[in-house]
Amino acid sequence: MSKPIITFENVTKRFGKLAAVDNVSLTVEEGEFFALLGPSGCGKTTLLRMLAGFETPTEGRILIDGQDISNVPPNKRPVNMVFQSYAVFPHMTVADNVAYGLVVDKVGKAERDRRVEEALELVQLGGYGGRKPDQLSGGQRQRVALARALVKRPRVLLLDEPLSALDAKLREQMRTELCTLQEKVGITFIMVTHDQDEALALATRCAVMSKGLLQQVASPNDLYEFPNSRFVADFIGSVNLFEGVLAVDEPSHAVIRSPDLPVDIFLDHGVTGARGGTVWAAIRPEKIELHKKEGDTPPNLGDCPQGTNAIAGVIKHEAYLGGSSTYEVEIAGGRRIKVQRSNLTRWDQEDFKLGETVWLCWHACSPAVLLS
Amino acid sequence: MSKRAPPDPLEYLRRWQMQAWLAAVAIFLYAPLIALMAFSFNDSRRNIVWKGFTLKYYDKLFNDSALLEAFGNSLTIAAVSTVLSLILGASAALVLWRFRFPGKTALDGALALPIVVPEICMGVAMLVFFARVMPWPQGLAWPLNLGAIIIAHVSFSFPFVAVVVRARMASFNREMEEAARDLGAGEFRTIRDVILPHMAPSLVAGALLAFTLSLDDFVITFFTAGPDTVTFPVKVYSMVRFSVTPEVNAASTVLIVLTVLLTAAALKLQGDPAATAGHGAGDAK
């Protein structure tokens with residue numbers, strides 16, 4: 001599980017003056033489901049295309065199994081790709097599409113037929129071999145593209161925005177299937193996506209990119225709970241960011257004082273590497289609790305001193321999403337704070353209506369401290 | 001009798017003004033052609049009054065050795081110029097579609113020039129070219145003596161092929177090409193297995209277009225043809241100079257039918273998605 005299969009060594013790709021990929025170093029290990037995540041134009045697709053061989057790096061090297069493949073043409077690389085448009089050949093039947101890579105490789109007919117059938121079974125398209133692509137739905141065409149790539153038994157399977165063209169229900173289903181498929185075939189998958197939900201749900205590890213630079217490489221859980229920068233915190237999910245300075249910084253606890261907040265933010269751990277500059281506290285909306293305001297004593301969650309981590313505010317916006325509701329709560333000073341609350345019973349959302357005054361509070365372990 | 005509902009806003013064809021207009025167009029456009037065809041079956045030397053049905057002018061037509069020779073010349077020129085136009089046109093379209101290079105816009109414009117330049121100018125230009133710049137050797141054996149006409153025909157029909165092929169390539173998904181490369185195909189194999197099948201309908205349409213253009217071209221051919229290289233339209237013209245006999249009608253009818261059939265085939269192949277999907281099936285086997 002820990003054998004590196006792909007290594008990017010200081011890879012830079014320039015189109016004219018613009019660096020689409022800027023000095024990226026990255027290792028993907030065997031058997032991973034790796035996601036390249038970022039907004040459009042961040043260089044993630046360029047990185048994938050360099051891996052497939054459709055672009056060559058301006059600087060740096062790309063290694064597959066320790067072999068430098070930077071100048072190997074795409075047809076000689078041990079990787080196969082599932083394209084965003086699927087690129088299923090319209091003039092060939094499903095079976096001919098899947099067989100194409102084997103025909104080019106001069107695999108004998110008997111073995112070819114067997115492997116094509118196997119691949120079609122794998123993506124649950126058994127018996128569809130004789131059909132033409134225009135007789136298939138979008139989801140089925142994607143399965144053909146998957147089978148066509150997997151039948152060549154690549155070292156790495158590349159997926160370019162695999163779920164973006166599917167409708168919501170089908171996307172949900174394909175997510176599960178892609179995971180199952182990867183476990184079944186044991187091939188390393190590398191996926192490009194701009195959809196953070198997709199990356200979090202599918203990947204074992206994600207790389208977040210922005211403007212050609214690698215921002216953070218971590219497991220989905222670490223990306224969400226321990227982002228390393230404001231960009232990552234903001235790009236993955238929704239977040240409340242408070243700019244401030246460290247008023248107290250002890251090994252056992254710390255306090256951030258922010259001009260945006262009337263109270264201090266108390267942390268149950270020390271901060272390393274702050275050096276007295278500006279810091280940011282990032283608090284996810286679902287980690288802030290809403291309490292009905294009865295009297296002037298703020299609620300205390302028990303792990304922070306009185307007068308910290310609790311503010312009064314007025315609900316200014318409410319979006320009921322069924323399973324949960326999101327609120328924007330305005331505190332003294334005009335700052336609005338996003339809060340998400342699970343609708344745990346069928347009535348309890350009645351207490352939090354537009355214009356209600358409420359208490360906001362959070363645990364001492366909830367804020368993530370960002371230094372950049 | 002139940003009254004019909006008044007026409008909906010977009011049902012133009014149910015308004016009498018539109019119907020009148022359509023009728024007028026049909027009469028002025030097609031009545032002369034139909035009259036011409038009908039009178040080719042007229043049993044009379046004078047082509048004015050209907051005297052009775054006959055096929056004798058067709059019989060005469062197919063026994064007229066000079067006319068048959070002209071027809072043979074026309075078919076040969078059309079066939080050869082179609083093949084050459086196809087190669088030149090498709091290559092030009094591929095280059096313009098595939099690459100970016102300095103002067104691409106200029107080349108693109110220059111390519112459309114033979115389509116927009118008046119035929120008479122092309123004809124005179126060809127005449128001057130073959131008389132002064134590069135005289136085609138005289139007295140060559142058939143079909144080499146048709147060379148000048150073939151070159152002239154290629155020069156005005158290959159841009160049409162290029163335009164048709166290019167329009168087709170605009171709908172080509174570049175990821176198809178990349179997919180073929182990704183699956184292990186080399187550059188040449190990719191062109192053969194993926195790009196050509198996509199291009200096929202436009203090649204057929206372009207070929208039919210080039211063939212018809214060449215077959216019924218008069219003006220440019222007239223300026224490049226010699227005494228022993230007469231084509232069918234030029235021959236018909238020379239027949240008309242004496243009198244418009246039903247034989248001319250018969251000859252014109254043959255030409256019209258041929259042209260209409262080929263054009264219809266070209267349009268069908270151009271517009272029919274089923275024809276597109278069907279081409280090159282089973283190439284991988």
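At 18% relative accessibility, A:Asp264 counts as buried (buried means under 20% relative accessible area, exposed over 50%, partly exposed in between, with a 1.4 Å probe and protein chains only). A:Asp264 forms a salt bridge with A:Arg257, with 3.0 Å between the closest N and O atoms. A salt bridge here is a side-chain nitrogen of Lys or Arg within 4 Å of a carboxyl oxygen of Asp or Glu.

The model is predicted: local features need pLDDT of at least 70, side-chain atom pairs count only at pLDDT 80 or more, and totals for chains, interfaces and linings use all residues. Residues are numbered from 1 along each chain as its sequence is written, chains are lettered from A and ligands numbered from 1 in the order in which they are written, and side-chain values use heavy atoms, with hydrogens and water left out.

Chain A contains eight helices and 20 strands. These elements are DSSP runs numbered from the N terminus (helices H or I, at least four residues; strands E, at least two). The C-alpha trace of chain A spans about 80 × 50 × 35 Å along its principal axes. Of the 372 residues in chain A, 51% are buried. Among contacts in chain A with a separation of 6 or more, 65% join residues 24 or more positions apart. Contact means heavy atoms within 4.5 Å.

The largest nonpolar core has 51 residues. Such a core is a set of buried Ala, Val, Leu, Ile, Met, Phe, Trp, Tyr and Cys residues joined through side-chain atoms within 4.5 Å. The residues with the most contacts inside this core are A:Ile6, A:Leu47, A:Phe89, A:Leu158 and A:Ile190. A second, separate core of 46 residues includes A:Val98, A:Ala99, A:Leu163 and A:Leu178. In soluble globular proteins, nonpolar side chains tend to be buried together.The interface of chain A and chain B takes 30 residues from chain A and 24 residues from chain B. The area buried between the two chains is about 2,400 Å², of which carbon and sulfur atoms give 54%. Buried area is the accessible area (1.4 Å probe) that two parts lose on being put together, summed over both. In chain A, A:Asn75, A:His91 and A:Tyr100 lose the most area to chain B, together 27% of what that side buries.

One salt bridge is found across this interface. It joins the side chains of A:Arg49 and B:Glu178 (2.7 Å, N to O). Ten residue pairs, both at pLDDT 80 or more, are in polar contact between chain A and chain B. A polar contact is a pair of N or O atoms within 3.5 Å; within protein, one must be able to donate a hydrogen and the other to accept it, and residues adjacent in sequence count only if both atoms are side-chain atoms. On the side of chain A that touches chain B, the elements giving two or more residues are α1 (44-52), β6 (79-82) and α2 (94-104). The largest share, five residues, comes from α2(A). By class, this side has 16 nonpolar, six polar and eight charged residues. Ala, Val, Leu, Ile, Met, Phe, Trp, Tyr, Cys and Pro count as nonpolar, Asp, Glu, Lys and Arg as charged, and the others, Gly among them, as polar.

A:Asn80 lies in strand β6 of chain A. A:Asn80 is buried, at 3% relative accessibility. Residues touched by A:Asn80 include A:Pro154, A:Leu158, B:Asp182 and B:Leu183, not counting residues up to four places away in sequence.

Over all chains, the structure holds 31 salt bridges. A:Lys3, A:Glu30, A:Asp65 and A:Arg155 are linked in a network of them. A:Lys292 forms a salt bridge with A:Asp351, the closest N and O atoms being 3.7 Å apart. A:Lys292 lies in strand β15 and A:Asp351 in the loop between β18 (336-342) and β19 (357-361) of chain A, so the pair ties together parts that are 59 residues apart in sequence. Both are partly exposed, A:Lys292 at 39% relative accessibility and A:Asp351 at 31%. A:Lys353 forms a salt bridge with A:Glu318, with 3.9 Å between the closest N and O atoms. A:Lys353 lies in the loop between β18 and β19 of chain A and A:Glu318 in strand β16, so this pair ties together parts that are 35 residues apart in sequence.

Two residues have a positive phi without being glycine: A:Gln124, at about 60°, and A:Asn309, at about 55°. A:Gln124 is found in the loop between α3 (109-122) and α4 (138-150) of chain A. A:Asn309 is found in the loop between β15 (289-292) and β16 (310-320) of chain A. A:Gln124 is exposed, at 52% relative accessibility, whereas A:Asn309 is buried, at 1%.
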